[in-house]
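Here is a short briefing on one protein chain. Keep the structure open while you read.

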Amino acid sequence: MIIYVPNQTESVSDQFDGGGIEPGEVDDTPTVRCSRCGDEWDLGYELDTLRVGNRAIERFALDHKRHTGHFPDDAGAWSVMCECCPDGDEFLTERPARRWAETHARHTGHDVSISHADDGSVTIDAERR
Ligand SMILES: [Zn+2]
Ligand SMILES: [Zn+2]
């Protein structure tokens, strides 16, 4: 039988003796939130198993898009939305987003808006040929 005795932690404030924690195991694993899934992930899998280093967020974002159809919040994704039809898509970088918008405008004559979380949005004007 195991009796759990809670530690008296009231008097312990920010004092932390680091007991049992190895250097390098400090919890600095980046996390990614997705408001559409209502969930949050740390990137330990990307860092430890896939070993993608500082591209972990990018890799996570691409995998998330592949499996769920959308990018998580922190990906800084570019989203393109047609203003005339329900077509649209999301991209991790500006170039493919802009190309999608221009191609869609070219073939359909529709105006397409491109928006980015940080930079606001621009509209690709179909009249500009
Ligand atoms: Zn999601
Ligand atoms: Zn359209």
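The points below cover confidence, the sheet, the hairpin, the helix and its loop, and single residues.

This is a predicted model. The mean pLDDT of the protein chain is 83, and 77% of its residues reach 70 or more. Four strands form an open sheet, and E1 and E2 make up a hairpin.

**Confidence by element**

- Helix H3, residues 94–108, has the highest mean pLDDT among the elements of the chain, at 96.
- Strand E6 has the lowest, at 82.

**The four-stranded sheet**

- The strand order is E4-E3-E5-E6, and the pairing is antiparallel.
- Strands E4 (88–91) and E6 (120–124) stand at the edges. Each has a single partner strand, so one side of each has no neighbour in the sheet.
- From one strand to the next, the twist averages 20°.
- Strand E5 covers residues 112–116. Five bridges join E5 to E6, and the two run antiparallel.
- Within this pairing, His 116 stands opposite Gly 120 of E6.
- In general, strands of a sheet pair through backbone hydrogen bonds, either parallel or antiparallel.

**Ser 79 in strand E3**

- Ser 79 belongs to strand E3, residues 78–82.
- Is Ser 79 buried, exposed or partly exposed? It counts as partly exposed, because it has 17 C-beta neighbours inside 10 Å. Buried would take 20 or more, and exposed 12 or fewer.
- Ser 79 touches Gly 88, Glu 90 and Ser 115, leaving aside residues up to four places away in sequence.
- Ser 79 and Phe 91 are 12 residues apart along the chain, and 6.2 Å separates their C-alpha atoms.

**The E1–E2 hairpin**

- Four bridges join E1 to E2, which run antiparallel.
- Four residues lie between the two strands. In this hairpin, Gly 38 takes a positive phi near 65°.
- Asp 39 sits in strand E2, residues 39–42. Its bridge partner is Cys 34.
- Asp 39 counts as exposed, because it has 10 C-beta neighbours inside 10 Å.
- Pro 72 is 33 residues away from Asp 39 along the chain, with 9.5 Å between the C-alpha atoms.

**Helix H2**

- Helix H2 has 13 residues, 56–68. At 1.5 Å a residue, it should span 18 Å. Its end C-alpha atoms are 18 Å apart, which agrees.
- Which residues of H2 are buried? They are Ala 56, Phe 60 and Ala 61.
- These three cover an arc of only 130° around the axis, so they lie on the same side of H2.
- The buried residues of H2 pack against strand E1 (31–34), E2 and helix H1 (44–48).
- Gly 69 follows H2, with a positive phi near 90°.

**Arg 51 in the H1–H2 loop**

- Arg 51 lies in the loop between H1 and H2.
- Its phi is positive, about 50°, although Arg 51 is not a glycine.
- Arg 51 is exposed, because 8 other C-beta atoms lie within 10 Å. The limit for exposed is 12 or fewer.

Note on methods
Residues numbered from 1 in each chain as written. Chains lettered and ligands numbered in written order. Predicted model: local features only at pLDDT ≥ 70, side-chain atom pairs only at ≥ 80, totals over all residues. Pairing = 2+ DSSP bridges. Axes fitted to C-alpha atoms, helices over the stretch in contact; angles between N-to-C directions. Expected span 1.5 Å × (residues − 1). Arc of directions from axis to C-beta. Contact = placed C-beta atoms within 7 Å. pLDDT = per-residue confidence, 0-100.
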